[in-house]
Amino acid sequence: MREQKVELLAPAGDLACFRAAINAGADAVYLGGEQYGARAYAGNFSSEEIVRALQIAHMFGRKIYLTVNTLVKESEWAELIPYIEPLYEAGLDGVIIQDIGVLECLRQNFPGLELHASTQMTITGVYGAEFLKDLGVRRVVPARELSLDEIRAVKKKTDLEVECFIHGAMCYAYSGQCLFSSILGGRSGNRGRCAGPCRLPYKNARNKVQYPLSLKDMYTLPMIPELIQAGIDSFKIEGRMKSPEYVAGVTSIYRKYIDLYLADPKNIFKIAPEDEQLIRQLYIRSDICNGYYQRHNDKSMVTLTEPGYSGSSPEVIKTIEEQYISKDILLPISGNVKIRAGELAELTFAYDDISVTVTGDIVSHALNRPLSREEISQKICRLGDTCFSVSDLTVDTDGASFVSVKMLNELRRMASFKLEQAILDQQKPERKNLTAGSLCGTQHVYRDALKHKKEGNELCTLVTTREQLLTANRFTEIHRIYVDADIFLQEMEAQRLLLPEKEYFLVMPHIFRQRSYKYLPIYEELLGNGCFAGVMARNFEELEWLDQSGYAGKVCTDHTVYVWNNASLAFLSQRCECVTLPL
């Protein structure tokens, strides 16, 4: 099997796409089941289909990661563990998660299961990655907006596996933080039902129809050397809503150039014009860009013109179907069959260093015509819908024997089944015996948190400008004022506006990235001067920074740290004085 240095991770919306990804050379496939996935309108997989896909993937030394990357309602919570349990036992390689409550639940209940932080968690730097590493996360999928420098820093500081998108559609907003579809169409991207309002036409001031929110598709084939050198562990292709032809075509081209580079990193890296032309003809939305790896953002990333897919060349589709879809790749095995009169019929199948042997009934002397070597070989090599093809078969027969076709078929079925099981036993991830679930404990923590609930209601307000702060100060009925930190970045003297009779919380930025770090001394000064009773954190980055800086005041989370279930509330209640419920 191929030595894996960089994982190529392909999408699969259904079994046809899964097989296309495996055939085209994906090291791993990410897919969604019938619940909890961020692509509710993809074909998706039943639990039985996922188990079978796991068997096929593990036969070829590949992996499957399950998307549980939506926010989970309390009413759906009881089904979570029963949903994951059979897949865990079948050898599920990892789970991609958005909900912090789900993360804690799976960590406590499924030992050894790899936990991957979805890009929906909006991890934008080393602090968020360290926060999740402490919770048992093995891999982080950072926000797509990060530069290569920021990705290098995450990798160097945390040594977590880093998975990044390298091809496909891009969102206009930070993943996990966009509420546009929820507000405009009542369908939430955080629930797997994004209506795609950023792909819709809008009119400008001159009444001209444009598509100002539709980003061009990501294409990074020429950047493979830089992406590998940045320490990215897994190259992720977007597209669980797309066709098997798209999956196979894009996967095969990235597979080719990843392998070319790794075979000789010192060689000149160049994309053949025909390959670039091919990938441009595979359902590209209007045009392409390189994402944010080498730029912050600019208008060249936006399509402006209609962002519909341009379709694909019939010739390209036909070639892809012939190479990767119409037939599955097979594992070449060797065999040895012994058919001798008076002895037990025997068949051995072997793959690499794995070998199995099965026996049948005692072979009879032929009364009329004995079985020929060709007839025996023909029956043994007919492996049908297994993952095997016989590349070398030795037939040991005396030329005077006879066994029924039924016996030969049974020998072949038993041997191929035992070989498949032996390979799966070797490839399947190690699993510990499951213990009783810990959800009761989680609910207990939640009940404890409620004991500290204050009686009555308090009026609070959030201010983002100096003028709003002055106005809020005049209202005696306002108990707590959340003050945007940007006010003080513009004017440190604004601290003089804080009144001793009011309770103020310093509000951290919505997005906390490397470029925010230069303001950390100012935030520390503000929080240390006694003017603020607490701080409002808007992401996991800030929660970790507050912890590392030794902050001992009150902490409140904003609506952007999602609390959709009691498990999330229980988790945050151990770290925060209060939470803000999602919009």
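I began with strands β23 (residues 534–537) and β24 (residues 554–557), which run parallel and are joined by four bridges. My strands (E, at least two residues) and helices (H or I, at least four residues) are DSSP runs, numbered from the N terminus. I call two strands paired if DSSP finds at least two bridges between them. Met-536 has Cys-556 as its bridge partner in β24. Helix α18 (residues 540–548) packs on the sheet and touches β23 and β24. Its direction makes about 145 degrees with that of β23. Contact here means heavy atoms within 4.5 Å. Axes are lines fitted to C-alpha atoms, for helices over the stretch in contact, and angles run from 0 to 180 degrees between N-to-C directions.

Note on provenance: this is a predicted model, where local features need pLDDT of at least 70, side-chain atom pairs count only at pLDDT 80 or more, and totals for chains, interfaces and linings use all residues. Residues are numbered from 1 along each chain as its sequence is written, and side-chain values use heavy atoms, with hydrogens and water left out.

**Entry: the parallel sheet**

I traced the strand order next. Six strands form an open sheet, β20-β21-β22-β23-β24-β25, with parallel pairing. At the edges I find β20 (459–463) and β25 (578–579), each pairing on one side only.

How enclosed is strand β22 (residues 503–507), and why? Five of its five residues are buried, so β22 is largely enclosed by the rest of the structure. Buried means under 20% relative accessible area, exposed over 50%, and partly exposed in between (1.4 Å probe, protein chains only).

I then checked the side-chain directions. In a regular strand the side chains alternate between the two faces of the sheet. Glu-503, Phe-505 and Val-507 point one way from β22, while Tyr-504 and Leu-506 point the other way. All of these are buried.

Strand β21 (residues 478–484) pairs with β22 in the parallel sense over five bridges. With β23, β22 pairs in the parallel sense over three bridges. The partner of Phe-505 in β23 is Gly-534.

**Entry: the mixed sheet**

I moved to another sheet. Four strands form it in the order β16-β15-β14-β18; the sheet is open and the pairing mixed. Which strands stand at the edges? They are β16 (354–362) and β18 (388–397); each has a single partner strand, so one side of each is left without a neighbour in the sheet. On average, neighbouring strands of this sheet are turned by 15 degrees against each other, direction ignored.

Strand β14 (residues 331–339) pairs with β18 in the parallel sense over nine bridges. Within that pairing, Pro-332 has Ser-389 of β18 as its bridge partner. I also placed helix α12 (residues 373–380): it lies across β14, β15 (344–351) and β18. Helix α12 runs at about 150 degrees to β18.

Is Glu-420 buried or exposed? With a relative accessible area of 12%, Glu-420 is buried. It sits in helix α13 (residues 405–427). Leaving out residues up to four places away in sequence, Glu-420 touches Arg-52, Met-59 and Phe-388.

Most residues other than glycine have a negative phi. Asn-207 is not a glycine, yet its phi is positive at about 65 degrees. Asn-207 lies in the loop between β8 (202–203) and β9 (209–215). It counts as exposed at 54% relative accessibility.

Asp-352 is not a glycine either, and has a positive phi of about 50 degrees. I find Asp-352 in the loop between β15 and β16. Asp-352 is exposed, with a relative accessible area of 59%.

**Entry: whole-chain totals**

The protein chain holds 19 helices and 25 strands. Its C-alpha trace spans about 110 × 55 × 45 Å along the principal axes. Of its 583 residues, 52% are buried. Among contacts between residues at least 6 apart in sequence, 69% join residues at least 24 apart.
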